[in-house]
Every structure is written in structure tokens, then in C-alpha cells.
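Colleague: I have a structure open and want to learn how to read it. Can we go through it feature by feature?

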Amino acid sequence: MRLLTAIDQLFLLLENRNQPMHIGGLFLFELPSDAKDNFVSELVDLMRTSQIPPSFPFNQVLHRWLFWQTDKNFDVSHHLRHIALPKPAGITELLNYVSKEHGNLLDKSKPMWECHVIEGLDGNRFGLYFKIHHAMIDGVAALQLVKKMLSQSPTEKTNLPLWALMTRHRHQLDALIPPHKSAWQIIKEQTRALPPVGRELLKNIYERFNKDYVTTTQAPDSLLNQPISSSRRIAIASFSFSRFQQIAKTHDVTFNDVVLAVCSGAIRRYLNDQHALPKKPLVGFVPLSLRDTQQKNYNVGNQITFILANLATHIHDPIQRLRTIHASTKNSKNRFSRMNQASSILYSGIVYSRAGLQVLTGIIPEYRGFNLIISNVPATKKPLYWQGAKLQAIYPASVVLNDQAMNITFCTYQDNIEFCIVACAKVLPNIDMILTYMQEEVDNF
């Protein structure tokens with residue numbers, strides 16, 4: 001059995017009917033040129049009839065809300081769905097289906113994931129929607145697992161279902177499982193983490209006077225911050241990766257800063273349309289991976305913290321907005337660079353505790369910590385294949401929280417940036433307009 005971390009348990013505690021806490025991905029595949037009419041059906045039958053058990057972490061089930069243990073009664077019918085949309089279905093019909101499923105809870109009595117294979121799409125394509133509970137894995141590790149499950153060869157064929165494909169990498173499985181730590185080891189780690197955290201908390205006292213410092217109490221009330229329902233709306237779009245890189249190089253900022261600026265400008269215009277743009281700038285909650293970037297293998301579980309970014313939505317000029325965003329993210333990243341992983345997690349737990357309490361209970365809205373989450377989930381530059389079908393695009397779908405009615409997640413695949421907006425459909429209308437405005441914001445640079 002594997003002990004749940006504090007972050008894993010938090011994701012379980014946050015979940016309710018209106019706030020499912022799973023992450024997902026919509027994958028669009030192009031059928032092989034020689035594919036038969038029943039290519040997708042055969043693919044599903046292969047997975048459904050396979051006697052090969054799932055590999056880690058797809059065989060893990062929750063035990064007493066404290067441990068993960070191997071499910072000895074795994075039944076593929078609880079996890080695999082085969083959907084045929086009326087032909088020829090376009091992106092609108094596909095997103096209608098995925099939006100509905102993204103609002104449904106996963107069953108905690110079984111391994112918390114589902115695989116939906118969707119055929120009937122126009123353009124010689126089919127889709128795969130995969131969702132897994134955030135308590136099991138974070139977005140970075142999820143994409144790493146996908147890369148290992150798929151192939152870099154268009155000719156490679158396998159009889160293994162997706163959730164068992166990790167058996168091709170048996171020598172890497174141990175690296176994917178977090179090493180067991182005794183209670184004494186955990187206590188020692190936390191004790192060593194305390195001094196750096198104390199130093200940073202003291203620095204916060206005078207850093208608050210720095211114009212680039214973003215506090216956990218400055219996020220304004222906005223249209224994005226309302227109680228949510230279980231209804232979801234997903235919107236997707238692809239952009240040129242090289243164009244974003246060019247903007248970053250021209251203005252001497254990071255790629256992520258450019259993404260935040262483009263999202264910020266689009267949200268600014270969207271809120272203006274609703275006559276609901278706050279005078280104070282919106283604050284973004286931006287996940288920061290604590291993983292060793294030199295590691296070849298990524299442990300599952302959650303190894304992330306968050307930084308606060310001033311999204312500068314009060315600024316009309318896109319260049320000035322970009323510079324303001326860059327200054328605020330640099331300030332936050334510098335803070336975490338002075339701490340190791342254990343200290344960073346402990347620091348986050350202390351500093352963001354009030355924001356977490358507000359999301360969990362909704363009792364202190366005047367102390368809102370942020371307005372929305374914007375996440376970057378790295379993918380790969382190399383094309384990927386599944387039984388010869390080429391992966392065209394990956395759209396990572398994330399979590400919408402109570403009082404946080406919209407989430408923007410993006411990943412880079414081949415030469416594109418794939419954006420996915422998830423929103424509460426009853427709170428935010430016409431979110432597709434944000435994607436239109438994003439393209440216009442890119443053109444402004």
C-alpha cells in the first residue's frame with residue numbers, strides 16, 4: 001500500500017457533486033490511410049477482451065482515504081466506454097459529449113479513471129477522452145504516462161490495452177512509484193523544511209511593499225468568481241508555438257509569460273463584453289512543477305506548488321501588460337527557487353491556507369486568493385501514434401473550483417500550443433469568444 005500525501009487528500013476533500021476533482025485529456029487521432037471501417041471497433045474490442053491486468057497507477061484503488069492499494073477485482077467494463085457519435089460529427093458535437101462527461105464524478109470504490117473512445121468524427125478522425133482523479137496524479141505526470149503509453153512509431157502494433165501499456169517499460173515502473181518513506185523520515189524532512197519556510201515568511205513582511213509582489217488577498221471580485229454547478233463547457237483551440245516563442249524572445253520574457261499575457265488580454269475583452277471588468281487586476285493561480293527537470297522518469301502523485309501572477313487586466317496596452325505579468329511571475333519564482341521541494345510544499349500550505357479554506361467552504365469570499373487557474377502541461381515535440389493512428393492534438397482538461405468558474409490549461413505538442421478552457425456553463429456564457437480574442441491578442445504583438 002502507498003500512503004496518500006497531504007495534497008492527494010486535499011483533492012479528495014475538495015470534491016463534491018458540483019466540484020469533480022479529476023483531470024482529463026481529449027486526444028484527437030487521424031485514422032491510418034489503410035484503416036478498415038471497423039478500425040475503432042476493433043481497437044475497443046482488443047482493449048475490452050484483453051486478459052492483461054492494468055499496470056500502475058491504473059490498478060490503484062482508494063483504501064480508507066489514507067492509502068492506495070492494488071485493486072484485486074478490476075473490471076474493465078467500469079472504465080472503458082465506446083461512443084459512436086452520429087456521422088459526420090464535428091468538433092461541436094465532440095465537445096458537447098466531453099463537456100457532459102467532464103462534469104460527472106468518478107467512482108471512488110474503483111480505480112478512479114475512465115477511458116472514452118469516440119468515433120463518428122469528420123475529417124477521418126476519432127477521439128479519446130481520458131480522465132483520472134487529481135488525487136492519483138498531477139497533470140505533468142499524466143502527460144508523461146501518455147507519452148509512454150503511446151508510440152513514436154507509426155508501424156508499431158500491440159495487443160496491450162492503453163492502461164497496460166506501461167508493461168512495455170517494466171524497467172521504468174519502479175521509478176514511477178514514489179519511494180516508501182517511514183514516519184520518521186517524513187518527520188525529519190518536515191523538520192528540515194521549517195527554517196527556510198520561516199525565513200521566507202519573514203521576507204514576505206517587507207516584500208509586500210514591492211509593486212511586483214502579489215498577495216493572497218488582492219484578487220478582486222469578478223464574473224469568474226461565482227458559485228458553480230456541475231454543468232461544464234469545454235472549448236479548445238490550437239496556436240503556433242513558434243509565434244509565442246518569437247514574442248517571448250522579442251520582449252525578453254518567458255514563454256509562459258506570453259501565454260499569461262495572451263490569456264489576460266482575451267479575458268479582459270471578454271469581461272468588457274459583459275460590462276464586468278474589475279478596476280483591479282485579476283490574479284492568476286499558476287501551478288509550478290517541483291519535479292527535477294533532469295529526471296527521465298516522473299513519479300506519479302502530486303509534486304506541484306503554485307505561484308500568484310498579476311494578470312494586469314487593468315492595463316489596455318498589451319506590451320505593458322506583458323511586462324507587468326513578467327515582473328510578478330519572476331518575483332514569485334525567485335521566492336520558490338530559494339527553497340527545496342519539501343519547504344516549497346510546506347510554505348504553500350501555510351501561505352495559501354486561507355485561499356484553500358475559502359474554496360473549500362466559501363465562507364470568506366472577501367479574502368479570495370486568486371481569480372482563476374492557468375496551467376502549462378508539457379507534452380512532446382515528437383509525433384505519437386496509437387496502433388498506427390497519428391495523434392493530431394492533445395487538449396488537457398482540468399478542474400473548475402467553487403468560486404472559480406473557469407480554468408485554462410494548455411500543452412505544447414509538436415509545433416502547436418493546444419489550449420483547453422473548462423468553465424461552468426451556467427455561470428459563464430460564450431466562452432468560445434475567449435479563444436477568438438486570444439488569437440487577436442497574439443496578433444497585437
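**Reading the model**

Modeller: Start with a loop residue: His 275 lies in the loop between α8 and β9 (283–289). Keep in mind that this is a predicted model.

Colleague: What is the phi of His 275 near?

Modeller: The general idea first. Most residues other than glycine have a negative phi, and most peptide bonds are trans. In this case phi of His 275 is near 55°, a positive value in a residue other than glycine. His 275 follows α8.

Colleague: Is His 275 buried or exposed?

Modeller: Exposed means over 50% relative accessible area. His 275 is at 77%, so it is exposed.

Colleague: Which phi does Asp 403 have, and where does Asp 403 lie?

Modeller: Asp 403 has a positive phi of about 75°, although it is not a glycine. It sits in the loop between β13 (389–397) and β14 (406–413). Asp 403 is buried, with a relative accessible area of 8%.

Colleague: Which residues does a cis peptide bond join?

Modeller: Pro 57 is in the loop between α2 (39–49) and β3. Another cis bond joins Lys 87 and Pro 88, with omega about -10°. Pro 88 belongs to strand β5 (residues 80–89).

Colleague: Now helices. How do I describe a packed pair?

Modeller: Two packed helices are described by the angle between their axes and the distance between the axes. Take helix α7 (residues 241–251) and helix α8 (residues 255–273). Their axes come within 8 Å and cross at roughly 105°. That makes α7 roughly perpendicular to α8.

Colleague: Which residues of α7 and α8 make the contact?

Modeller: From α7, they are Phe 241, Phe 244, Gln 245, Ile 247 and Ala 248. From α8, they are Phe 255, Val 258, Val 259 and Val 262. By class, the contact has eight nonpolar residues, one polar and no charged. An α-helix has 3.6 residues a turn, so residues three or four places apart point the same way.

Colleague: How many residues of α8 are buried?

Modeller: 15 of the 19 residues are buried, so α8 is largely enclosed by the rest of the structure. From its first C-alpha to its last, α8 reaches 28 Å, close to the 27 Å expected at 1.5 Å a residue.

Colleague: Which side chains make polar contacts with that of Gln 60?

Modeller: Gln 60 is in strand β3 (residues 60–63). It is buried, with a relative accessible area of 5%. A polar contact of 2.9 Å joins the side chains of Gln 60 and Asn 59. The side chain of Thr 70 makes another polar contact with that of Gln 60, at 3.5 Å.

Colleague: And the whole protein: how many helices and strands has it?

Modeller: Twelve helices and 15 strands. Of the 445 residues, 57% count as buried.

How values were computed
Residues numbered from 1 in each chain as written. Predicted model: local features only at pLDDT ≥ 70, side-chain atom pairs only at ≥ 80, totals over all residues. Heavy atoms only, no water. Axes fitted to C-alpha atoms, helices over the stretch in contact; angles between N-to-C directions. Helix = DSSP H or I, 4+ residues; strand = E, 2+ residues; numbered from the N terminus. Parallel < 35°, antiparallel > 145°, perpendicular 65-115°, else oblique. Contact = heavy atoms within 4.5 Å. Nonpolar A, V, L, I, M, F, W, Y, C, P; charged D, E, K, R; others polar. Expected span 1.5 Å × (residues − 1). Buried < 20%, exposed > 50% of the residue type's maximum accessible area, 1.4 Å probe, protein only. Polar contact = N/O pair within 3.5 Å; in protein donor to acceptor, adjacent residues only side chain to side chain.
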